[in-house]
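Me: I would like to learn how to read aromatic pairs and nonpolar cores. Could you walk me through an example?
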Amino acid sequence: MKLIQTAVAAALATLAFSASAMTPIQDAELSAVTGQDGVSIAANLNVKIDSFVYTDTDAVDTTTGLGGGSVSFNGIKVNGLIAASIDILSKASFLQAAGAAGVTNPGTFYNPATGGDVVQIAIPADVQVAAGKFLNVSVDAIKMGNNAASYGSMAMNQIDLRGTQVWIWAH
């Protein structure tokens with residue numbers, strides 16, 4: 001039994017020595033480390049909202065009968081596929097991308113003199129999405145006030161977000 005305890009102690013000591021052999025990396029060495037650029041994200045959305053209600057708080061005009069009341073959109077659903085990438089852009093790359101996207105003066109919201117790198121979240125224009133899998137929004141029923149009857153439904157189909165870009169930076 002003493003031999004087994006000694007062997008276990010030796011194995012644990014060996015693990016401890018190998019773990020202590022790791023040394024911290026200095027900033028200068030870390031700056032030379034490279035990896036793959038960017039992160040990709042894909043999401044299959046399936047969002048359900050019970051209702052969206054708009055209420056007019058104006059008093060009812062007794063002459064015209066207008067004012068007051070509400071309209072509700074019930075059974076709202078959003079579904080479809082979104083594929084996005086996340087990249088870090090330098091100042092110059094960001095200014096070039098913003099200009100290419102039609103931002104006429106990015107300096108009004110991003111100061112190139114003091115601004116740093118920018119995070120870009122983009123839905124690539126060339127991403128392949130299967131037929132029928134773009135975003136769809138539907139509303140099952142549209143109702144006025146407390147009326148149980150519906151005026152119908154609504155749908156927005158095949159919403160294509162490809163080419164969309166979002167930029168994030170600290171300030």
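Me: Let me start here: are Phe94 and Trp167 buried or exposed?

Reply: Both Phe94 and Trp167 are buried (buried is under 20% relative accessible area, exposed over 50%, partly exposed in between, with a 1.4 Å probe and protein chains only). Keep in mind that this is a predicted model, where local features need pLDDT of at least 70, side-chain atom pairs count only at pLDDT 80 or more, and totals for chains, interfaces and linings use all residues. Residues are numbered from 1 along each chain as its sequence is written, and side-chain values use heavy atoms, with hydrogens and water left out.

Me: How many aromatic pairs does a search of the whole structure find?

Reply: In general, a pair of aromatic rings is described by the distance of the centres and the angle of the planes. Here the search finds 2 pairs (rings of Phe, Tyr and Trp, the latter by its six-membered ring, with centres within 6.5 Å; planes under 30 degrees apart are stacked, over 60 edge-to-face, the rest tilted). Phe52 and Phe73 make a tilted pair, 6.0 Å centre to centre with 45° between the planes. Phe52 is partly exposed at 48% relative accessibility, and Phe73 is partly exposed at 22%. For Phe94 and Trp167, the centres are 5.4 Å apart and the planes at 75°, so this pair is edge-to-face.

Me: Which residues make up the largest nonpolar core?

Reply: In soluble globular proteins, nonpolar side chains tend to be buried together. This core has 8 residues, including Phe94, Tyr110 and Trp167 (a core is a set of buried Ala, Val, Leu, Ile, Met, Phe, Trp, Tyr and Cys residues joined through side-chain atoms within 4.5 Å).
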